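Colleague: I would like to learn how to read a few features of a model like this one. Could we go through them in turn?

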Amino acid sequence: MSVSNHNKAWVKHNTDFAVQDNMNVPLYSTRIIKTYLEYLNRYYPDIACRSLLEYADITEYEIAEPAHYLTQNQINRFHECLAQETNNPDISREVGRYVTSAEVFGTIKTHIMGMLSPLLMYEIMGKNVENLSRHITFKTKKLGSHSVEVLVTPKPGVHEEPFQCENRLGALESLAKLRTARYAEIQHPQCLHKGDSQCSYIISWEPTLEMMWKRIRNIVLFISSFWLVFSLIFFPASVWGIPSLVSIALAIAVIGYSGHLEKRALRRTLDAQSSAAHDLLDQTNRQYSNALLIQELGQATTTVMPVHELCRSVATILKKHLDFDRGMVLLADESRDNLIVAAEYGFSENGHGPDHNMNFHLKDPAPDDPIATTCLNQRPFLINNTTELHNPSYPDIMQFVDKWHISSFISVPIVYERQSLGVLFTGNTTAKRPLTISDQNLLMGIASQIAISITNAGSFEKLQESEQRYRTIFQSTSNPTIIIEEDTTISLANIPFE
């Protein structure tokens, strides 16, 4: 091998080693993965986000820390599992488009960004993107009034995956939508994953009616001003007067119409942001109610009481704090053949509770009965639209759903040490909002508390029964018998001894 070829091989070996070494360098803010998780909660509520994080070796407390950064290996493993679970090849691009939503971007920031020009928004994005990702440099270049070029160059030793380019494409597309209500058009002439040294994006967007009239207003004002000055100098007053009045009237008309369009666009933006703010306020109120729910539920479940009294207390607390019209706690009977309603709320508004004669069969249940499946498989069941269940294969659950007008519901298993004790069911009679994995996780936590309390209550009842049985045997013996404590105090004496 020649010296030159040897040097090239040595350089390539060291470059590959540097890339491999950088795979474990913290480069990506956890806010990137947090956006993915929020998107999944909203559009893929059935996917268990915890399993994605576990596969990628990411902990939940790392996601909760905005200053924490993840490695390329962790990002790759997360996307590998995500692509398999969603079976959606465009998932990264869709999440990129979701980045600029009010839920992720923040209501105030979205409102402010929506009032800026697209050019200025892309410049701001370029200045802030490196706070989220340390693996690239991001530069913007103005090409025209409605177009901009973005150049993304990886830093030395960094190996970016194609899905990250797709995610970036989605974000660049959606940014213009804040201002124009449409996704931007993007040309991608250069790409890292096609052998180029950088990714180049030529972004263009259609001007809105408001933008067009704003430009017309500026042109009319310029022409009118020029005409007034020019005609005043070079023409007599008789010639200057009428055209000047016409130009002034035209300028006033254009300014007025342009201002009307700007106000209308601003009103639309304010209406959209008001809706987003309302959703955010609802979410905040739900979080506060959930905190109170956990507090009261903890107080109730730490008190030892009979099982049915415990279930009634839980149902009362759920009714008070949860945003569900109806709910019930179902427990397996002694034979474990059926689920029986132990407590409920929302069903007895007209003086009639749920039909206790209608059993949810655990023995040979219908193949897709959600409630029986929840108990037997120990897996939660979330349905946002019960019309999906209209199938004759499970008449019991359809009889229940139709009779009580359930439009959406969540059922979670009550499990203690891998044994199913029952099911916690909550449902709505009208479509309020899409149920999410967060609602399901909250109910799973509540079900766990119920399971522990039911087990404790059962153990306490057995202890009382055992104590009563022991007292009966102790008192019925014919021999005089006493029980003396260590301090010589007689704690118990039977009748013959007395």
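Colleague: Take Arg-93 to start: what does its relative accessibility make it count as?

Modeller: This is a predicted model, so keep that in mind throughout. Arg-93 has 25% relative accessibility, so it counts as partly exposed.

Colleague: Which residue forms a salt bridge with Arg-93 at 3.8 Å?

Modeller: First the general idea. Side chains of opposite charge can pair when their charged atoms come close. Here Arg-93 pairs with Glu-166, and 3.8 Å separates the closest N and O atoms. The cut-off is 4 Å, so this pair falls within it. Arg-93 sits in helix α6 (residues 91-98) and Glu-166 in helix α10 (residues 162-180), so the bridge ties together parts 73 residues apart in sequence. Glu-166 has a relative accessible area of 30%, so it is partly exposed.

Colleague: What is the N to O distance between Glu-173 and Arg-93?

Modeller: Glu-173 and Arg-93 meet in a salt bridge at 2.5 Å, N to O. Glu-173 belongs to α10 and Arg-93 to α6, so this pair ties together parts 80 residues apart in sequence.

Colleague: Is Glu-173 buried or exposed?

Modeller: Buried means under 20%. Glu-173 has 6% relative accessibility, so it counts as buried.

Colleague: Which residue does Glu-160 meet in a salt bridge?

Modeller: Glu-160 meets Arg-168, at 2.8 Å from N to O. Glu-160 counts as buried, at 5% relative accessibility. Arg-168 is buried as well, with a relative accessible area of 9%.

Colleague: How many salt bridges does the structure hold?

Modeller: There are five.

Colleague: Next, helix packing. At what angle do the axes of α2 and α6 cross?

Modeller: The general idea comes first again. Two packed helices are described by the angle between their axes and the distance between the axes. Helix α2 (residues 30-43) and α6 cross at roughly 100 degrees, and their axes come within 10 Å. The two helices are therefore roughly perpendicular to each other.

Colleague: Which residues make that contact?

Modeller: From α2 come Thr-35, Tyr-36, Glu-38, Tyr-39, Arg-42 and Tyr-43. From α6 come Ile-91, Ser-92, Glu-94, Val-95 and Tyr-98. By class, the contact has six nonpolar, two polar and three charged residues.

Colleague: Which residues of α14 are buried?

Modeller: Helix α14 covers residues 370-377, and six of its eight residues are buried. The buried ones are Pro-370, Ile-371, Ala-372, Thr-373, Thr-374 and Cys-375.

Colleague: What follows α14?

Modeller: Gln-378 follows, with a positive phi near 55 degrees.

Colleague: Now the whole protein. How many helices and strands are there?

Modeller: The secondary structure comes to 16 helices and 14 strands. The protein has 498 residues, of which 40% count as buried. Among contacts with a separation of 6 or more, 63% come from residues 24 or more positions apart.

Colleague: What does the accessible surface come to?

Modeller: About 28,300 Å², and carbon and sulfur atoms hold 56% of that.

Technical notes: Residues numbered from 1 in each chain as written. Predicted model: local features only at pLDDT ≥ 70, side-chain atom pairs only at ≥ 80, totals over all residues. Heavy atoms only, no water. Buried < 20%, exposed > 50% of the residue type's maximum accessible area, 1.4 Å probe, protein only. Helix = DSSP H or I, 4+ residues; strand = E, 2+ residues; numbered from the N terminus. Salt bridge = Lys/Arg side-chain N within 4 Å of Asp/Glu carboxyl O. Axes fitted to C-alpha atoms, helices over the stretch in contact; angles between N-to-C directions. Parallel < 35°, antiparallel > 145°, perpendicular 65-115°, else oblique. Contact = heavy atoms within 4.5 Å. Nonpolar A, V, L, I, M, F, W, Y, C, P; charged D, E, K, R; others polar. Areas by Shrake-Rupley, 256 points an atom, 1.4 Å probe, with all protein chains shown as cover.
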